[in-house]
Amino acid sequence: FWERPHTISSAHAPVPVEPAGNMNQVVVITDAPLTPLGAGGPPLLSLPAPTTLVNVQPAAGSPYGQYSSVAATGAMYPRLAAPQPPQQPGMWGHGTVQDPPQEPMQSTADVRLEDKQRGFGGLEAGGFQEEGIERPVKACACVPGWAAHERERCAYYDHWPQVWAGHHASLLSGYPLLAFRVVVNLIPQFIICIMVILDKTWVDKEAETTGVVVTDSQYKKSQEQYLFYLSNWTNIVQFFFFLHACVVTHVAINKYSPGDTAPVPCPLWVKLCWQSHSMTMQASLVVTLLYWILLADPPYLAISITQHGINVVLQIVDWLVVGTFIPVVHSVWLLLYAFCFLLFSVIHWGAGTTNWQGNNYIYGVLDWNDPAAAGTLCALVLIFVPPIFGTLWPALSIARIRLFTKNKIAY
């Protein structure tokens, strides 16, 4: 049943089975004398949920040299070691008198599980780390790895109500967190999207630069081609992420129970929200950097600063307050996002579609009429940007969680 044995060094000789009613429900596998049912009985395995399994090995010098598999439920655990009574000299120094053994008190502090490994049936076993007896915790469906990265990934998959309700690493929790996301993230991002649709100053700037008089039809065409630009893609994705995050937060608040640490399977729509956060967090910063490095030129317009600056501030503030974890594997979404826009730019150019100025490209630096220059830019972006940001943000998110963790999750 087990990948490796787990030793409890304080276990000694077997003790009698306690009468019914002295402990919560305990089921055992009677394969060694240390099990409460004793040796010689038929194997018994009936696992009520939630159940935690450990292996017990007698200490050195014990006459029992086998391992015993024990399952405990209800935050209680069977007594594994009989106390050793003190030896006192008898009357006139002859013989010894033994005090009656003291019955150990059983409580949730008797047992401790750490360094869990996957057992059978999706359960986990715990490795002993100190003298005494281990404390049972409810089994987690996702086996955590050695790194904090994997432990946090486990939290988002198996304890999502606690995480999304703000009871893990968030500075706010409950409805204050929901209000923060609506007021500070969702509403401002919606205003940015509407401002970009209605604004004409960037068209006027282009007209002044080229010396062309812009007609009403050109203004209209510039608004109709709102979805041609990567910056607008990113702002829309950010808006829908903030909307999605508000819904997930509301559901998590109503689903979260402070006393329940059992794993809760993460539904697909919650996983998508988490993945969209990772993508928008990275994409908003990448698009903003590319804009100010490759495209921006004075005079700088208010709409440009809003669309390529304020949106990033909103995203970073949300990340700092909530402490959302960004795993390495989510960098694949940034790569896919970049690839989709580059493919769209090729289709736009190949179809002969023109912008309001009559050009068949979207950005001058991405002009497929010069395939060598455009291809070089694409290669640089696809090769270097996802790996850099895919390792930077996970490291920063782990540092943020370590800086402030409200409630640690029992893995």
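1. **Main core.** In this predicted model, the largest nonpolar core has 34 residues. Tyr156, Trp160, Trp164, Val270, Cys273 and Phe325 touch the most other members. At least two residues of this core come from each of helix 1 (148-158), helix 2 (160-164), helix 3 (175-198), helix 6 (230-255), helix 7, helix 8 and helix 10 (371-403). Helix 6 gives the most, with eight residues. In general, nonpolar side chains tend to be buried together in soluble globular proteins.

2. **Trp160 and a second core.** Trp160 deserves a look on screen. Beyond four places in sequence, Trp160 touches Ala155, Ala165, Val251, Ala252, Lys255, Val264, Pro265, Cys266, Pro267 and Val270. There is also a second, separate core of 28 residues. Among its members are Val286, Ile326, Leu334 and Trp356.

3. **Confidence.** Read the model with its pLDDT in view. The protein chain has a mean pLDDT of 72, and 62% of its residues reach 70 or more. Confidence is highest in helix 6, at 96. Confidence is lowest in strand 6 (residues 114-118), at a mean of 35. Two stretches call for caution. Over residues 62-84, pLDDT stays under 50, and the model has 90 contacts beyond four places in sequence for them. Over residues 103-146, pLDDT also stays under 50, here with 130 such contacts.

4. **Overall make-up.** The protein chain has 10 helices and seven strands. Of its 411 residues, 44% are buried. Among contacts with a separation of 6 or more, 69% join residues 24 or more positions apart.

5. **Helix 7 against helix 8.** Helix 7 covers residues 268-295 and helix 8 covers residues 302-322. Their axes come within 10 Å and cross at roughly 145°. The crossing is left-handed. From helix 7, the contact uses His277, Thr280, Met281, Ser284, Leu285, Thr288, Tyr291 and Trp292. Helix 8 answers with Ser304, Ile305, His308, Gly309, Asn311, Val312, Gln315, Ile316, Asp318 and Trp319. By class, this contact has eight nonpolar, nine polar and one charged residues.

6. **The loop between helices 7 and 8.** Pro299 lies in this loop. A cis peptide bond joins Pro298 and Pro299, with omega at about -5°. Leu301 is in the loop between helix 7 and helix 8 as well. Leu301 counts as buried because its relative accessibility is 17%, under the 20% cut-off. Leaving aside neighbours within four places in sequence, Leu301 is in contact with Thr201, Trp202 and Lys205. Leu301 and Lys205 are 96 residues apart in sequence, yet 8.7 Å apart from C-alpha to C-alpha.

7. **Tyr229.** This residue sits in the loop between helix 5 (216-224) and helix 6. Is Tyr229 buried or exposed? Tyr229 is buried, because its relative accessibility is 13%. Setting aside neighbours within four places in sequence, its contacts are Trp202, Phe341, Asn355, Trp356, Ile362 and Tyr363. Ile362 is 133 residues away along the chain, but the two C-alpha atoms are separated by 7.0 Å. Trp356 in this list is also a member of the second core.

8. **Gln189.** This residue belongs to helix 3. Gln189 counts as buried because its relative accessibility is 0%. Which residues does Gln189 touch, not counting those up to four places away in sequence? They are Asn235, Gln238, Phe239, Phe242, Asn311 and Leu314. Asn311 also takes part in the contact between helix 7 and helix 8.

9. **Helix 1.** Its buried residues are Ala148, His149, Glu152, Cys154, Ala155, Tyr156 and Asp158. These residues pack against helix 2, helix 7 and helix 10.

10. **Leu320.** Leu320 lies in helix 8. Its relative accessible area is 40%, so Leu320 is partly exposed. Not counting residues up to four places away in sequence, Leu320 touches Leu171 and Arg400.

Methods. Residues are numbered from 1 along each chain as its sequence is written. This is a predicted model: local features need pLDDT of at least 70, side-chain atom pairs count only at pLDDT 80 or more; totals for chains, interfaces and linings use all residues. Side-chain values use heavy atoms; hydrogens and water are left out. Axes are lines fitted to C-alpha atoms, for helices over the stretch in contact, and angles run from 0 to 180 degrees between N-to-C directions. Helices (H or I, at least four residues) and strands (E, at least two) are DSSP runs, numbered from the N terminus. A crossing is left-handed if the near helix is turned anticlockwise from the far one by less than a right angle, and right-handed if clockwise. Contact means heavy atoms within 4.5 Å. Ala, Val, Leu, Ile, Met, Phe, Trp, Tyr, Cys and Pro count as nonpolar, Asp, Glu, Lys and Arg as charged, and the others, Gly among them, as polar. A nonpolar core is a set of buried Ala, Val, Leu, Ile, Met, Phe, Trp, Tyr and Cys residues joined through side-chain atoms within 4.5 Å. Buried means under 20% relative accessible area, exposed over 50%, partly exposed in between (1.4 Å probe, protein chains only). pLDDT is the predictor's confidence in each residue, from 0 to 100.
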